[in-house]
Amino acid sequence: MGKITGFLEFDRKIEDYAPVEERVKNYKEFTLPLKEKELKEQGARCMDCGIPFCHSGCPLGNLIPDFNDAVYRGKWEKAADILHSTNNFPEFTGRLCPAPCEEACVLGINEDPVSIENIEKNIVETAFKKGWILAQPPNSRTEKKVAVIGSGPAGLAAAQQLNRAGHWVTVFERDEKPGGLLRFGIPDFKMEKHIIDRRLKILEEEGIEFKCGVHVGVDIMADTLKEEFDAVVLCGGATIRRKLPIKGADLKGVVQAMDFLAQNNRRVDGVKKLGEEIKATDKDVIVIGGGDTGSDCIGTSFRHGAKSVSNFEIMPMATTDRPQDQPWPFWPMRLRTSSSHKEGAERFFSISTKEFIGDTHGNLKGLITAEVEWIKEPGKRPVLKEVVGTEKKWKCELALLALGFTGSEMTIAEQLGLEADPRTNIKASAKDYMTNVPGVFVAGDQRRGQSLIVWAISEGRQAAYHIDSYLMGESALPLKGEGDLPRI
C-alpha cells in the first residue's frame with residue numbers, strides 16, 4: 001500500500017494552524033490545508049505492513065490502507081468511495097476524532113504514525129468540492145417506518161443506513177436544529193456548522209424526514225411511537241452532567257461546560273434569545289476537567305476575551321510517550337495538548353477543587369484547591385489522597401465544570417418500559433442492539449455511555465443492520481469493515 005519506501009522517504013506532516021492572535025478573533029476553523037503533493041506523500045507513508053492494525057484501532061473498520069493508497073496515486077474519487085463505504089460522515093470524524101487508528105498504526109511502533117485523520121478529512125473535502133457526494137435515495141421502499149430518536153452522529157448514521165435499506169425514516173430532535181452535540185457542543189472553530197448542514201441537505205434529499213423541537217417522551221409519547229412506527233431506535237446522547245458537590249457550587253458563575261458551549265454556539269448562529277448570558281469576557285476563568293470538553297471551553301473563553309484561563313485536572317500529568325503498561329496497538333493515556341491549550345491556558349495537574357467562594361451578592365469570586373496524590377496498591381483501585389498543607393486560594397469569576405457525563409435522560413425509556421444497566425445506560429443485547437422490548441433498539445451513548453463520535457457512527461450503523469434484519473428477516477446492509485451493499 002502506498003509507496004513501498006514512502007515511510008522511509010517522507011516525514012509525518014499535518015495541517016498547520018493560523019497564528020493564535022488571528023484565530024482567537026473569530027469562530028472560524030483555522031487549520032491551513034496541505035498541498036495535494038504533500039497529501040500524496042502522506043498517503044505514500046502507509047506501509048505494506050501485512051496486517052493493518054489501524055483496522056482494529058478504528059471502531060468503524062475503515063479501509064485505511066486502501067484509501068491511503070488511492071490518495072498516493074491521485075485517485076481521489078476512488079478514495080472517497082472507499083472511505084464512504086464504511087463511514088457515513090468522514091467530514092465529522094476527519095475533524096473531531098482522536099484518531100485511535102493512528103495509535104494502532106504499525107509505523108507508529110517506532111516512527112510517527114501515518115496522518116490518517118488528516119488524509120480522511122482531505123478526501124471528503126475534495127469529494128464535496130468536486131461534486132461527487134450526491135443524494136442516493138433508494139430505488140424502492142419497503143413501506144416499513146422507523147423512528148430515530150436523536151440526531152447526533154449515532155442517529156444520523158442509523159437513519160441514513162435504514163433509509164438506504166428502503167425504510168421510511170423519521171428523525172426526532174428536541175433541539176431546534178439537527179446535529180446533537182455536533183451542533184450544540186462542538187465549537188465552530190473546530191467544525192463550522194455549514195459542514196453539518198450540507199450533509200443534512202443530502203439526507204433530506206435521500207428521503208429522511210427531520211422533526212425538530214420535538215421532545216420525545218413529552219411532546220410525543222411512547223404509545224404513539226409504537227403505534228406509528230414498526231421499529232424505534234434511541235440514539236440520544238449522554239446528557240446528564242457530572243456535578244461537583246462542594247460548598248458554593250450553587251453560586252452564580254459556577255457553570256456546566258455544556259451550558260456555556262451550547263449557548264455560545266447559538267450565539268454564533270445568530271440566535272438572539274439566549275436566556276441569561278454566560279460569557280468569559282474580562283474574567284479570570286478556571287476550567288475544571290482536562291478532557292475535550294474542557295479544551296473546548298478554553299478556546300471559547302479566549303474568543304470571548306477572558307482575562308486569564310486556567311485548566312484543572314485531578315489526574316497526574318501524563319507523559320508524552322506511550323506508558324509501558326499501555327503497549328501498542330492499544331490506546332495510550334498520553335499527555336494531549338490541544339490547539340486551545342496552545343492559545344495560552346495554564347494547566348495544573350493533581351489538583352482538586354474543595355470550595356467555591358462567593359461575594360455578598362452570590363457571585364463567584366474565587367475557589368480553594370488542594371494538591372492530591374493517587375495511592376496505588378497492587379490489585380486495588382487507586383485511592384485519592386489530599387496532600388496536607390497544599391491548600392491554595394484562586395481568583396475566579398467563572399468556573400466551567402467539564403467533568404463528563406453520568407448517563408442519558410430516561411423519560412422515553414421509562415415510558416417504553418426499558419431496562420437500564422448498572423451504569424444507567426439503556427440495557428440492550430450486544431448481539432443485536434435490541435432492548436427488552438421487541439422492536440425497540442438503542443445505539444450510541446445511550447447504550448455504551450459517553451464515548452467518541454467514531455463509536456457513535458459505528459453503533460448507528462450496527463443498529464441499522466439489526467433493525468433491518470428485524471423488519472425484513474435479513475439485511476444486506478454492511479457490518480463493521482464491510483463496504484456498502486444496499487439491498488435496494
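Me: Against which helices do the buried residues of H5 pack?
Reply: The model is a predicted one. In it, helix H5 covers residues 64-72, and its buried residues include Ile64, Phe67 and Val71. These buried residues pack against helix H3 (36-44), helix H4 (54-57), helix H6 (76-84), helix H8 (100-103) and helix H9 (116-130).

Me: How many of the nine residues of H5 are buried?
Reply: A residue counts as buried when its relative accessible area is under 20%. In H5, Ile64, Pro65, Phe67, Asn68, Asp69, Ala70 and Val71 are buried. Helix H5 is thus described as mostly covered, and the number of buried residues is seven.

Me: Which residue with a positive phi follows H5?
Reply: Helix H5 comprises residues 64-72. The residue in question follows this helix and has a phi near 75°; it is Gly74.

Me: With which residues is Ile123 in contact, leaving aside its neighbours within four places in sequence?
Reply: Ile123 is one of the residues that touch the most other members of the largest nonpolar core, and Phe67 is another. Leaving aside neighbours within four places in sequence, the contacts of Ile123 are Phe67, Val71, Trp76, Ala79, Ala80 and Leu83.

Me: Are H14 and H15 parallel or oblique to each other?
Reply: Helix H14 (residues 257-268) and helix H15 (residues 292-304) have axes 10 Å apart and pack at an angle of about 50°. Angles under 35 degrees count as roughly parallel, and those from 65 to 115 as roughly perpendicular. The two helices H14 and H15 are therefore oblique.

Me: What is the make-up by class of the contact of H14 with H15?
Reply: The crossing of H14 and H15 is left-handed. Helix H14 contributes Ala257, Met258, Phe260, Leu261, Asn264 and Arg267, while H15 contributes Thr293, Asp296, Cys297, Thr300, Ser301 and His304. By class, these residues are five nonpolar, five polar and two charged.

Me: Is Leu134 buried or exposed?
Reply: Leu134 lies in the loop between H9 and strand S3 (145-149). Leaving aside neighbours within four places in sequence, Leu134 is in contact with Ile202 and Glu206. The relative accessible area of Leu134 is 56%. Since values over 50% count as exposed, Leu134 is exposed.

Technical notes. Residues are numbered from 1 along each chain as its sequence is written. This is a predicted model: local features need pLDDT of at least 70, side-chain atom pairs count only at pLDDT 80 or more; totals for chains, interfaces and linings use all residues. Side-chain values use heavy atoms; hydrogens and water are left out. A nonpolar core is a set of buried Ala, Val, Leu, Ile, Met, Phe, Trp, Tyr and Cys residues joined through side-chain atoms within 4.5 Å. Buried means under 20% relative accessible area, exposed over 50%, partly exposed in between (1.4 Å probe, protein chains only). Contact means heavy atoms within 4.5 Å. Axes are lines fitted to C-alpha atoms, for helices over the stretch in contact, and angles run from 0 to 180 degrees between N-to-C directions. Helices (H or I, at least four residues) and strands (E, at least two) are DSSP runs, numbered from the N terminus. Angles under 35 degrees count as roughly parallel, over 145 as roughly antiparallel, 65 to 115 as roughly perpendicular and the rest as oblique. A crossing is left-handed if the near helix is turned anticlockwise from the far one by less than a right angle, and right-handed if clockwise. Ala, Val, Leu, Ile, Met, Phe, Trp, Tyr, Cys and Pro count as nonpolar, Asp, Glu, Lys and Arg as charged, and the others, Gly among them, as polar.
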